[in-house]
Amino acid sequence: MMTNPPPSSAKTAIAAQRQGEGRRVTLVSVGVNVILTTMQLIVGFWAHSQSLIADAIHTLSDIVADAFVLVANHKGGEAADAEHPYGHGRYETAASLVLGLLLTVTGGGILIAAAQRVANLDSLPPVAMAAMWAALATLAGKEALFRYMLAIAERLRSPMLVANAWHARADALSSLVVAVGIGASLAGFPIADAIAAIIVGAMIARVGLRFAWDATQELIDTGLSDHEVAALRATISQTSGVLDLHELRTRR
């Protein structure tokens, strides 16, 4: 038995609620990132930690990324119209692509800066203990932000918000690497801070490439996996009244 779809007014209300929650979680992310970026930059320059500065640049890219998310969330929540009969959900996918490209460029820049630090290691001042406390505080803040954002994103089933949540998790992992590198540097291995910066840059670039690739696949309407298609076929075939099916096509 088929059920009637919800009226347009109900769809509009659901879309508005989804858009509002997406905007709220993104604003929380912006606030946290502003605080962390300010702290990391001040402590990083004062404590002479290249890895902490690299992590601050990564966090700064989050703020720019959140701006893209806010715009895309606003546009993606708009109702379908004559020019966009399927709605504006692709704005979210396009934002995910921009996020991916932003991360890739950011990671490359950090790799270059870290390599230059290794080349001039003997002339650099030692890392101060304050860098370690800043890295640990950033790690805790980013992990908490990730868990909060992912819970909201999965409930809203928003790929853009999921991407942004994992962006925060990538930051948390990079902060862990930074903390280890700073600790090793304080223990008498000055090159460890630069190595940590290189690892952070590589992690950022890798995450960015993955997000950009996934978004591109969705934008060009790549079909679902064989496993998902098989599950769809099984569900359709087992539906009462269905005799057969043919020409099954899929898209995200």
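H5 (159–186) and H6 (191–219) are roughly antiparallel to each other (angle over 145 degrees). Their axes come within 8 Å and cross at roughly 165 degrees; axes are lines fitted to C-alpha atoms over the stretch in contact, with angles from 0 to 180 degrees between N-to-C directions. Helices are DSSP runs (H or I, at least four residues), numbered from the N terminus.

This is a predicted model: local features need pLDDT of at least 70, side-chain atom pairs count only at pLDDT 80 or more, and totals for chains, interfaces and linings use all residues. Residues are numbered from 1 along each chain, and side-chain values use heavy atoms, without hydrogens or water.

The table sets out both pairs.

Contact means heavy atoms within 4.5 Å. On H5, the contact with H6 includes Trp-166, Val-178 and Ile-182. H6 contributes Asp-193, Met-203 and Phe-211, among others.

**Cores**

A nonpolar core joins buried Ala, Val, Leu, Ile, Met, Phe, Trp, Tyr and Cys residues through side-chain atoms within 4.5 Å; buried means under 20% relative accessible area (1.4 Å probe, protein chains only). The largest has 24 residues. Leu-52, Ala-131, Ala-135, Val-178 and Ile-182 touch the most other members. H1, H2, H3, H4, H5 and H6 each give two or more residues to this core. Apart from it lies another core of 13 residues, including Val-25 and Leu-150.

Technical notes: Buried means under 20% relative accessible area, exposed over 50%, partly exposed in between (1.4 Å probe, protein chains only). Angles under 35 degrees count as roughly parallel, over 145 as roughly antiparallel, 65 to 115 as roughly perpendicular and the rest as oblique.
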